[in-house]
Amino acid sequence: MKIALVEDDLSILNLLKRVLLSEGFSVREFSTAEAFMNAVFEYGEEFDLVILDVMLPGTDGVTACSFLRERGFSAPILMLTALSEEEEKVKGLDSGADDYLTKPFGIKELLARIRALLRRSERGFTREGEFRFTDEGVVVEGREVKLTRKEKEILKVLVENRGKAVSKEEIVAKVWKGEQVNKRVVDVHVKHLRDKLGDRIKTVWGVGYKVV
């Protein structure tokens, strides 16, 4: 299991990293939300769970969480904060976080919450309208759908640009990466995706496709 640890406090970062590694998790650490989101959206890194601090330099954790969810990122997110007010917790949960832990916290409680979130994720837990990608394909609304590699890559491009139309040219560039491919191939793959996922993929005439 691979966990992203987004925390700018070096002492907390090092402590959590040691604990998670000792529990057998793979850990990737980030000191800013921007660095983490760049790894996800620019380099396609995938994580089974994210531990996200609220008080970060630059983009704060709540804003980052909203941004991630709007673009289809569906891995469980556990938010950490030094703020204990109920209103702050509500903001975090409303932004798309799955759980919330107030500093200082016990390591046993942290690990228990991580295990609970991962169990929910493994059972196919997903928010309505969201997609959780797996090795075999995608889980949507609790239903696992098997996809081919190209179908999965096309769907990822659409989900990352959720709500916006993505042109066939852009899909070809991102999925086939420089190969000479007829744009009609995209239409064929999208038809197969629609057969499997229903009407979640819409045609935007004269532009391309989008996920709703």
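**Entry 1: across the domains**

I started with Glu 46, which forms a salt bridge with Lys 156, and I get 2.0 Å between the closest N and O atoms. I'm working on a predicted model, so I note that distance as a computed value.

For the contact between the two, I find 11 residues of domain 1 touching nine residues of domain 2. About 800 Å² is buried between domain 1 and domain 2, with 34% of it on carbon and sulfur atoms. The salt-bridge count between these domains is one.

**Entry 2: strand E3**

I moved on to E3, residues 49–53. How many of its five residues are buried? Five of the five are, so I wrote the strand down as mostly covered.

I then checked which way the side chains go. Leu 49, Ile 51 and Asp 53 point one way from E3, while Val 50 and Leu 52 point the other way. Both sets are buried.

Which strands does E3 pair with? Strand E1 (residues 2–6) pairs with E3 in the parallel sense, over four bridges. I picked out one partner there: Ala 4 is bridged to Val 50 in E3. E3 also pairs in the parallel sense with strand E4 (residues 77–81), again over four bridges. On that side, Asp 53 has Leu 80 of E4 as its bridge partner.

E3, helix H3 (residues 61–70) and E4 make a β-α-β unit, and I have it as right-handed.

In helix H2 (residues 33–41), I list Ala 33, Phe 36, Met 37, Ala 39, Val 40 and Phe 41 as the buried residues. What covers them? The cover includes E1, E2, E3, H3 and helix H6, residues 149–160.

Val 27 sits in strand E2, residues 26–30. Is Val 27 buried or exposed? With a relative accessible area of 16%, Val 27 is buried, because the cut-off for buried is under 20%. Leaving out residues up to four places away in sequence, I find Val 27 touching Ile 3, Leu 5, Lys 17, Leu 20 and Leu 21.

I ran the count and got 19 salt bridges. One of them is Glu 45 with Lys 2, the closest N and O atoms being 3.0 Å apart. Why note this pair? Glu 45 lies in the loop between H2 and E3 and Lys 2 in strand E1, so the pair ties together parts 43 residues apart in sequence. Glu 45 is buried at 18% relative accessible area, whereas Lys 2 counts as partly exposed at 25%. Lys 2 and Glu 45 are also linked with Arg 28 in a network of salt bridges.

I then looked at Asp 99 and Arg 113, a salt bridge with its closest N and O atoms 2.8 Å apart. This pair links distant parts of the chain, with Asp 99 in strand E5 and Arg 113 in helix H5, 14 residues apart. Arg 113 is partly exposed, at 24% relative accessibility.

My last pair was Asp 199 and Lys 202, with the closest N and O atoms 3.9 Å apart. Asp 199 is exposed, at 55% relative accessible area, and Lys 202 is partly exposed, at 33%.

**Entry 3: loops and a cis bond**

Where is Asp 98? I found Asp 98 in the loop between helix H4 (86–94) and strand E5 (99–102). Asp 98 is buried, with a relative accessible area of 14%. Its C-alpha atom is 9.2 Å from that of Ala 75, 23 residues away along the chain.

I also checked the peptide bonds: a cis one joins Lys 103 and Pro 104, with omega at about -5°. Pro 104 is in the loop between E5 and helix H5, residues 107–122.

Terms used
Residues numbered from 1 in each chain as written. Predicted model: local features only at pLDDT ≥ 70, side-chain atom pairs only at ≥ 80, totals over all residues. Heavy atoms only, no water. Buried < 20%, exposed > 50% of the residue type's maximum accessible area, 1.4 Å probe, protein only. Helix = DSSP H or I, 4+ residues; strand = E, 2+ residues; numbered from the N terminus. Pairing = 2+ DSSP bridges. Right-handed = clockwise from strand over helix to strand, strands pointing away. Contact = heavy atoms within 4.5 Å. Buried area = accessible area lost by both parts, 1.4 Å probe. Salt bridge = Lys/Arg side-chain N within 4 Å of Asp/Glu carboxyl O.
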